[in-house]
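Dear colleague,

Please find below the structure that I am handing over to you, shown together with its sequence. My findings follow it.

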Amino acid sequence: RGDGAGLAGRGGKMASTAAGKQRIPKVKNKAPAEVQITAEQLLREAKERELELLPPPPQQKITDVEELNDYKLRKRKTFEDNIRKNRTVISNWIKYAQWEESLKEIQRARSIYERALDVDYRNVTLWLKYAEMEMKNRQVNHARNIWDRAITTLPRVNQFWYKYTYMEEMLGNVAGSRQVFERWMEWQPEEQAWHSYINFELRYKEVDRAPLLVIVHPDVKNWIKYARFEEKHSYFAHARKVYERAVEFFGEEHMDEHLYVAFAKFEENQKEFERVRVIYKYALDRIPKQEAQNLFKNYTIFEKKFGDRRGIEDIIVSKRRFQYEEEVKANPHNYDAWFDYLRLVESDADAETVREVYERAIANVPPIQEKRHWKRYIYLWINYALYEELEAKASKRTRQVYQACIELIPHKKFTFAKIWLLYAQFEIRQKNLPLARRALGTSIGKCPKNKLFKGYIELELQLREFDRCRKLYEKFLEFAPENCTSWIKFAELETILGDIDRARAIYELAIGQPRLDMPEQEEYEKTRNLYRRLLQRTQHVKVWISFAQFELSAGREESLSRCRQIYEEANKAMRNCEEKEERVMLLESWRNFEEEFGTETTKERIDKLMPEKIKKRRKLQAEDGSDAGWEEYYDYIFPEDTANQPNLKLLAMAKLWKKQQQESEAAEVDPDKDIDESQS
């Protein structure tokens, strides 16, 4: 064979040399082929054909011991060579051990597994195959030894524990399986391991031995499972205690609606309906609305099944409370939301709950010390005080609320006379007049205001303390000497008391003041601007008349012309007014002005502008659309309106005709009178 191959090789070389000497034809078409073949495709096809041509291994028949030993030697040498090439490939070790196991060479297989464990003791598959080999061959103690080593070396691999406990249970060694479970639980594994242990104990009716999963995994679902476990075995008192422990464990910071729904359903199954209501209300008051949709739904279903009208109303109130809670959480300074919330709570809740909501509301003090930001806020204090006085009947708390509010207000920047007056009126209702006077005196000393003086004076007038009223009026006029009303009221008081001289002296002092309060303090341009701005909003006739009277009262040379100009503007503006009575009112006011201050020309002009008053009839209709007769009404025809010119001409002709008729009738009557006179 070797010689033939050599000849063939030499012959091939000679042939190639001869071909090289021959003339190679040139390729005419050098364009690429339509179907391109890649090098990768060529290699893949070559590999496929190689596999096709590979002949199957021959079947060997071992006939004697020597041949068997020879076969074993060759196989072992192959396995050892593979292991020596790469010791970290665990599959080679497993194949080697399984081959030895197939030959019933258990001792050799153990040796291979031990050698493999020295290489990689963290390989889970290796431990499993090793233990399964021992179990297949009924080597129980060896298997236990391997499982013990595995769970000691890799205690976090749950598969080892599952296999170990299952083996012991299949062998009927319940105590041994329980011991393995207890060793496993010391490592605090995942929830499924605890459930396996619990199911193991339940299989053998050892309910009391079932472990407490919630100690290691205190999740809500585990507490619920624990309680249902107790309920399933008819330990209802224990189940209730489990729910109560769960509620106490999670507290108010980590409340979960699923726990309370399960608790309520448990009590519902026990026919404890009052307990169910308490649970739902407790949870709804403390869990945010967006996290309690399922809770509210179950509560509604419960009340529809077992509740009365009052219970359903409580649900609606609870829902509204949720809404208000969300609003005030989103914006604590939304005082309107607080007012609505407080009205709801006052109508349904107890006094402590109402006080709690009031305290939360008044804690949201406006961040800016400007009165416009405090106007809504201050009514929270007023409502709080009124609630304590009228609803709760707690006078001490009412006094504390008023005093706390007064201390909170920055009186140096602004104050609220209403608070001082309400506090004083409260003290009077409590028959504590000295405290009321002290409060009002403090208010006048800290932050004097007209309302405070007026309220204090009115109080003393009701008490008939006229000397105190005199002193208060004196303080009031020292504070605001330009207030005309105060001077007048003081003088009227003295007149009522019969002291005319004091009243006269007060009037003398008043008129002697250099600057009494007047509209806009002679700021005429500002007043005109205000009137103009008001007329942009409304064209009411009273505004025009007031504007004209203001110009007249300005007391300057151009006052008459300005007043007349205002009337002119008003008349032009009101030509399109549907309410003709208002236009007539304007013209009458203008005519009164001209009669007093105008000339003959202006009087004559205003007379021409006055309308004609005529009586008309119009048809009436009932509500069902039928005729209801006729009614008479008065209408006005203005000479200025061009549309009314034909009507005016017609009216003038009618008047002329009527006059002619009257004259003709008089002429007919006169001859008779002459005849009678001559006969007489």
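In this predicted model, N158 belongs to helix α8, which covers residues 158-170. The side chain of N158 forms a polar contact of 3.3 Å with the side chain of E190. Leaving aside residues up to four places away in sequence, N158 touches W184 and P189 as well as E190.

Helix packing: α9 and α10

Helix α9 comprises residues 174-185, and helix α10 comprises residues 191-203. Their axes come within 11 Å and cross at roughly 155°. Since angles over 145 degrees count as roughly antiparallel, α9 and α10 are therefore roughly antiparallel to each other. The crossing in which α9 passes α10 is left-handed. On the α9 side, the contact is made by V174, S177, R178, F181, E182, W184 and M185. The α10 side supplies A193, W194, S196, Y197, F200 and E201. By class, the residues of this contact between α9 and α10 are eight nonpolar, two polar and three charged. W184, listed here for α9, is also one of the residues that N158 touches.

Helix packing: α10 and α12

Helix α10 also has a contact with helix α12, which runs over residues 220-232. The axes of α10 and α12 come within 13 Å and cross at roughly 5°. Angles under 35 degrees count as roughly parallel, so α10 is roughly parallel to α12. E191, H195 and L202 of α10 make this contact with K221, N222, K225 and F229 of α12. The residues of the contact of α10 with α12 divide into two nonpolar, two polar and three charged.

Helix packing: α23 and α24

The crossing of α23 past α24 is left-handed. From α23, the residues that make the contact are W420, L421, Y423, A424, E427 and I428. From α24, they are L433, L435, A436, A439, L440, T442 and S443. The contact of α23 with α24 has 10 nonpolar, two polar and one charged residues.

Salt bridges

Side chains of opposite charge can pair when their charged atoms come close. How many salt bridges does the structure hold? The total is 34 salt bridges. One of them joins the side chains of R84 and D81, with an N to O distance of 2.3 Å. Both residues lie in helix α3, which covers residues 65-85. Because R84 and D81 are three residues apart in that helix, about one helical turn separates them.

Yours sincerely

Key. Residues numbered from 1 in each chain as written. Predicted model: local features only at pLDDT ≥ 70, side-chain atom pairs only at ≥ 80, totals over all residues. Heavy atoms only, no water. Helix = DSSP H or I, 4+ residues; strand = E, 2+ residues; numbered from the N terminus. Polar contact = N/O pair within 3.5 Å; in protein donor to acceptor, adjacent residues only side chain to side chain. Contact = heavy atoms within 4.5 Å. Axes fitted to C-alpha atoms, helices over the stretch in contact; angles between N-to-C directions. Parallel < 35°, antiparallel > 145°, perpendicular 65-115°, else oblique. Left-handed = near helix turned anticlockwise from the far one by under 90°. Nonpolar A, V, L, I, M, F, W, Y, C, P; charged D, E, K, R; others polar. Salt bridge = Lys/Arg side-chain N within 4 Å of Asp/Glu carboxyl O.
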